[in-house]
Amino acid sequence: MLTVGTNMAKQPLNIGLIGCGFMGRTHSNAFRQVSHFFDTSFQPVLKAVCARNAQAASDFSQRWGYEIHATDWRTLVESRDIDLIDIATPNDTHCEIAIAAAQAGKMVMCEKPLGRTAAESMRMVEAVEKAGVRNMVWYNYRRVPAVTLLKILIDEGRFGRIFHYRAKFLQDWTISRDLPQGGAGLWRLDASVAGSGVTGDLLAHAIDTALWLNGPIDEVSAMTETFIKERKHTLTGQVQPVGIDDASAFLGRFENGSLATFEATRYARGHKALYTLEINGEHASAIWDLHDLHRLQYFDHRDEGRLRGWRSIHLTDSDHPYMKQWWVPGLQIGYEHTFIHQFADFLNHNDSPNFREAHATDLVTDAVLASASKHAWCTVTQDQEKE
Ligand code: SOE
C-alpha cells in the first residue's frame with residue numbers, strides 16, 4: 001500500500017529571496033535542507049526569487065526549485081504570498097529593500113554587513129522595530145559548532161577574567177592590478193556599492209563574533225591601506241580611483257578590560273579565507289580556525305599538571321552544539337551547515353543577531369574607518385538601546 005506523506009502540523013513559511021549570487025545559494029541551500037535535519041514548526045516554501053538579470057533569475061529558480069522568478073524586488077515585497085524577504089544583494093540595496101519589506105509587514109533577513117554605514121543600518125533597525133517584524137542578519141560564523149561551544153564555555157565562566165581577544169580574516173583574491181572594480185562578482189571593490197572594503201566585508205565577521213563572545217568594544221586605533229589606487233570600472237570602462245580599503249587592522253579595548261587585536265586583508269598571498277580567533281583568559285585559552293572549522297583548541301590551566309596541554313576537540317559528538325542533528329560521531333560538517341543552523345534557529349525563534357545587534361557591528365566598523373582616516377583613537381558609539 002502506498003501512503004501519501006502529509007505535513008499538516010507545519011505552518012508554511014513562504015520565502016522571497018532577492019539576489020542570486022554566492023550568498024543566494026548558501027541561503028537557498030539552508031531553506032531546502034533545514035526541515036530534513038531540524039525540528040521546527042515551520043515548513044519553508046521557496047516561493048519566489050528575484051535577480052536583475054531575467055536569465056539568471058530563471059536559471060536560479062529552476063536549479064533551486066523556486067515557484068516563480070522576477071526581476072524587480074518590489075514584486076516580491078508587494079506580494080501577499082510572501083511571508084519572509086531574504087536580502088542577498090550587494091550592500092547598496094540592503095537599506096531600501098529592508099525598509100520596504102518591513103513596511104509591508106514581512107519578516108526580513110539580510111546579508112552582512114547590515115548597512116554601508118551605521119547611520120544606514122540604524123534606519124533599517126528603526127523600520128523593523130516600528131513594524132514589529134522579525135529580523136535577522138546572516139553572520140553565519142556564530143553557528144559553527146566550535147564557535148557556539150566557545151560561547152557556552154565563556155558564559156560558563158571557564159576562562160575567568162579575559163585578557164586578550166585577537167582575530168584575523170585573511171584573503172588574497174584582489175592582489176592583481178588587472179582585476180576591475182564594479183559589476184557582478186566585483187561590486188565588493190566598488191566603494192559606492194560596498195560602503196567599505198575589507199572592514200565591512202571581513203572585519204565585520206570578526207567583530208560580530210567578538211561582540212557576541214566577549215562583549216562591547218569601547219575604543220579603537222586603526223590603520224587601513226589601499227594598495228592598488230586605480231582600477232578599471234566594469235560598468236563605465238574607465239580607470240577610476242579605488243575607494244575601498246584593501247587591508248584594515250586595529251587595536252582596541254573591550255568594555256570588560258581585555259585588549260583587542262584585529263586584522264583583515266585581501267593581500268595575504270596564499271590565504272583564501274583564513275578566519276582565526278583566539279581568546280586568552282585567566283584560567284583558559286581557546287583558538288578557532290575556519291580552515292579546520294570542526295575543531296576547537298582549548299587549554300585549561302586547572303587541568304592536572306602532568307597532563308596539562310592544548311586539547312584539540314573534534315566537534316562531531318551529539319553533545320556538541322547542533323551535532324545531534326547530523327551524522328554519527330566522528331563525521332564532520334562544513335561551511336554550508338552554518339547557514340542551515342542559523343535558519344533553524346530563526347525558525348525556532350532565535351533571531352540573533354537581529355538588526356539591532358548587527359548595527360552594533362556597524363558602529364565598530366564606522367569607528368575603525370574614522371580612526372584610520374584621523375590617525376587617532378576613536379570611541380565606539382554605543383547603541384542607545386543597550387545603555
Ligand atoms: C568575500 O570574499 C567573502 O565572500 C565575504 O563576503 C563573506 O562574508 C565571507 O564569509 C567569505 O568571503
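Residues are numbered from 1 along each chain as its sequence is written. Because the model is predicted, local features need pLDDT of at least 70 and side-chain atom pairs count only at pLDDT 80 or more, while totals for chains, interfaces and linings use all residues.

The protein chain splits into domain 1 (11–137) and domain 2 (141–379). These bounds come from an automatic or database domain assignment. Taken over C-alpha atoms, the centres of domain 1 and domain 2 are 24 Å apart. Domain 1 gives 30 residues to the contact and domain 2 gives 29 residues. Two residues are in contact if their C-beta atoms, placed from the backbone, lie within 7 Å. On the side of domain 1 that touches domain 2, α1 (22–37), α5 (118–131) and β6 (135–137) each supply at least two residues. Helices (H or I, at least four residues) and strands (E, at least two) are DSSP runs, numbered from the N terminus. The largest share of that side, eight residues, belongs to α1. By class, the side of domain 1 that touches domain 2 holds 16 nonpolar, ten polar and four charged residues. Here Ala, Val, Leu, Ile, Met, Phe, Trp, Tyr, Cys and Pro count as nonpolar, Asp, Glu, Lys and Arg as charged, and the others, Gly among them, as polar.

Two strands pair if DSSP finds at least two bridges between them. Four bridges link β4 (residues 84–87) and β5 (residues 107–110) in the parallel sense. In this region, isoleucine 85 stands opposite valine 108 in β5. Axes are lines fitted to C-alpha atoms, for helices over the stretch in contact, and angles run from 0 to 180 degrees between N-to-C directions.

A second open sheet has nine strands and mixed pairing. Its order is β16-β15-β14-β13-β7-β12-β11-β8-β17. The edge strands are β16 (311–314) and β17 (378–379). β8 (residues 217–225) and β11 (residues 247–254) run antiparallel, joined by eight bridges. Glutamate 219 faces arginine 253 in β11, and methionine 223 stands opposite alanine 249 in β11. β11 also runs antiparallel to β12 (residues 259–265), through seven bridges. Alanine 249 stands opposite glutamate 263 in β12. The hairpin of β11 and β12 has four residues between the strands, and glycine 257 there takes a positive phi near 95°.

The axes of α6 (residues 145–155) and α8 (residues 198–214) come within 9 Å and cross at roughly 30°. α6 and α8 are therefore roughly parallel to each other, a term for angles under 35 degrees. Val147, Leu150, Lys151 and Ile154 of α6 meet Thr209, Trp212 and Leu213 of α8. This contact comprises five nonpolar residues, one polar and one charged.

Gln171, Asp201, His205 and Ala273 are the residues around the ligand. A residue is near a molecule if its C-beta atom, placed from the backbone, lies within 6 Å of it. The shell divides into one nonpolar, two polar and one charged residue.

Methods:
Parallel < 35°, antiparallel > 145°, perpendicular 65-115°, else oblique.
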